[in-house]
Amino acid sequence: MLVSMILAWIAAISAAMAALKFIARKSGSKKLNLFFHKIHIPFGTILLITGLLHGILAGNMAGTEIADIQLASVLFTL
């Protein structure tokens, strides 16, 4: 399903952006660390929300219409 795929990509990008805070702290650059400190919590929040929505919508077939969505139709899949 396209919506689930989009949510997965948003979650992956948000995870990468939130992880950059750690890299910025290890680099020793105060300016870079301050910038990523400001965006760390918003990207973490986006990660939690999109990850949850992706998990709920995962398992629906690719051609599923909005009206035919089954919430958490297949749990614990890869």
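A: A quick word on terms: a helix here is a DSSP run of H or I with at least four residues, numbered from the N terminus. Keep in mind that this is a predicted model. The protein's secondary structure comes to two helices and zero strands, and the part to look at is α1, which runs over residues 2-27.

Let's start with its length. α1 has 26 residues and spans 37 Å from its first C-alpha to its last, close to the 38 Å expected at 1.5 Å a residue. Just after α1 comes Gly 28, with a positive phi of about 90 degrees.

For context, 19% of the protein's 78 residues are buried.

That brings us to the packing with α2. The two helices, α1 and α2, meet at an angle of about 155 degrees, and their axes lie 7 Å apart. Angles over 145 degrees count as roughly antiparallel, so α1 and α2 are roughly antiparallel to each other. The crossing of α1 and α2 is left-handed. As for who takes part, the residues of the contact between α1 and α2 split into 18 nonpolar, nine polar and two charged.

Stepping back to the whole protein, take the contacts with a separation of 6 or more: residues 24 or more positions apart account for 51% of them.

How values were computed: Residues numbered from 1 in each chain as written. Predicted model: local features only at pLDDT ≥ 70, side-chain atom pairs only at ≥ 80, totals over all residues. Heavy atoms only, no water. Expected span 1.5 Å × (residues − 1). Axes fitted to C-alpha atoms, helices over the stretch in contact; angles between N-to-C directions. Parallel < 35°, antiparallel > 145°, perpendicular 65-115°, else oblique. Left-handed = near helix turned anticlockwise from the far one by under 90°. Nonpolar A, V, L, I, M, F, W, Y, C, P; charged D, E, K, R; others polar. Buried < 20%, exposed > 50% of the residue type's maximum accessible area, 1.4 Å probe, protein only. Contact = heavy atoms within 4.5 Å.
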